[in-house]
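User: I have a model open and want to go through its contacts with you. Can we start with the charged pairs?
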Amino acid sequence: MRLQDKVVIITGAAHHIGQAYAVRAAQEGAKVVICDVRDCGTTAEMCIEAGAEVLALRTDVSSEEDTLELARQTIERFGRIDCIVNNAGLFDGLHSRTILNTDMEEWDRVMDVNVKGIFLCCRAVVPQMMEQGYGKIINIGSGIWHWGGSGTPAYVASKAAVTGLTRALARELGQYGIRVNTLAPGGTASGAVVERDDESPQVVPNSGNLLGRREVPDDLTGTMVFLASEDSDYITGQNLTVNGGTSMW
């Protein structure tokens, strides 16, 4: 129970990887706050089955009002905020684009959720963490910006921005006992990344992967727990990549 009685917020928790983070946090003893623009009812039930106290909210992370309300209700319910996992992001439903045919409304929406959303969530929880003199911020990035993914310029740029924001906040907030790190998944078999719905993600080959199988959400949850726990108290400003060796840097 490495997160026993820790209050952990997970954004984008209605399904896929965010749901896996939430359930694992619950299994590790955390009091879990889950939010999404979608209904989090299924995730809430899974966390309750794991023995956790749960607060489920509808939150648009690109709305400052919503993020402030997320922090307020968390403090009202549990009295503190130990960790936030900034998982909410846009990838599902994005179309392959070149620079010349990129839709600017789509570009703006990706930046609003993937970058501004993380910034707003951080800003909402930081005052409470400063008051506590302790906190963990885990920003979910991606390894895609290291090699540049063709056809998704908005997404690639947004994930590069996440790492930059992590490093800036780590420098600013370390003096208050707040650790800020990026967890960067590889091509995880979840949502839009799943190549064929009728094929098990455990056996789908992944080009360049050194471990012989496709990455799945549960491959990421252990690193999330590590970053959220006291085991990582002397780690901040880092980009931890979990990709089965698909790329190395």
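User: How many salt bridges does the structure hold?
Analyst: The structure holds 12 salt bridges. Keep in mind that this is a predicted model.

User: Which residue forms a salt bridge with Arg 2?
Analyst: Asp 231 does, and the closest N and O atoms of the two are 2.8 Å apart. Arg 2 lies in the segment before β1 and Asp 231 in the loop between α7 and β7, so this pair ties together parts 229 residues apart in sequence.

User: What about Arg 109, which residue forms a salt bridge with it?
Analyst: Arg 109 pairs with Asp 60, and here the closest N and O atoms are 4.0 Å apart. Arg 109 is in helix α4 and Asp 60 in the loop between β3 (54-58) and α3 (64-78), so parts 49 residues apart in sequence are tied together. As for accessibility, Arg 109 is partly exposed at 35%, and Asp 60 is partly exposed at 22%.

User: Where do Arg 72 and Glu 76 sit?
Analyst: Both are in helix α3, 4 residues apart, which means about one helical turn separates them.

User: Switching to aromatics. How many aromatic pairs does a search of the whole structure find?
Analyst: The search finds 1 aromatic pair. Phe 91 and Tyr 155 form it, with 4.7 Å centre to centre and 50 degrees between the planes, and it is classed as tilted.

User: Why tilted?
Analyst: Planes under 30 degrees apart count as stacked and those over 60 as edge-to-face, so the 50 degrees between Phe 91 and Tyr 155 falls in the tilted class.

User: Where in the chain are Phe 91 and Tyr 155?
Analyst: Phe 91 is in the loop between β4 and α4 (104-132), and Tyr 155 is in helix α6 (residues 153-173). The pair links distant parts of the chain, 64 residues apart. Phe 91 is partly exposed at 29%, whereas Tyr 155 is buried at 12%.

User: Next, Asn 139. Is it buried or exposed?
Analyst: Asn 139 is buried, with a relative accessible area of 0%. Its place is in strand β5.

User: Which side chains make polar contacts with the side chain of Asn 139?
Analyst: One is that of Asn 86, at 2.9 Å. Another is that of Thr 166, also joined by a polar contact of 2.9 Å. Leaving out residues up to four places away in sequence, what Asn 139 touches includes Ile 118, Cys 122, Val 162 and Val 180.

User: And helix α7, which residues of it are buried?
Analyst: Leu 220, Thr 221, Thr 223, Met 224, Val 225, Leu 227 and Ala 228 are the buried residues of α7. Their cover includes α1 (16-27), β4 (83-86), β5 (135-140), β6 and β7 (239-242).

User: Last topic, backbone. What is phi of Asp 5?
Analyst: Phi of Asp 5 is near 65 degrees, a positive value in a residue other than glycine. Asp 5 is in the segment before β1 (7-11) and is partly exposed at 47%. His 16 also has a positive phi, near 55 degrees. His 16 is in helix α1 and is partly exposed at 33%.

Definitions and conventions
Residues are numbered from 1 along each chain as its sequence is written. This is a predicted model: local features need pLDDT of at least 70, side-chain atom pairs count only at pLDDT 80 or more; totals for chains, interfaces and linings use all residues. Side-chain values use heavy atoms; hydrogens and water are left out. Buried means under 20% relative accessible area, exposed over 50%, partly exposed in between (1.4 Å probe, protein chains only). Helices (H or I, at least four residues) and strands (E, at least two) are DSSP runs, numbered from the N terminus. Contact means heavy atoms within 4.5 Å. A polar contact is a pair of N or O atoms within 3.5 Å; within protein, one must be able to donate a hydrogen and the other to accept it, and residues adjacent in sequence count only if both atoms are side-chain atoms. Rings of Phe, Tyr and Trp (its six-membered ring) pair if their centres lie within 6.5 Å; planes under 30 degrees apart count as stacked, over 60 as edge-to-face and the rest as tilted. A salt bridge is a side-chain nitrogen of Lys or Arg within 4 Å of a carboxyl oxygen of Asp or Glu.
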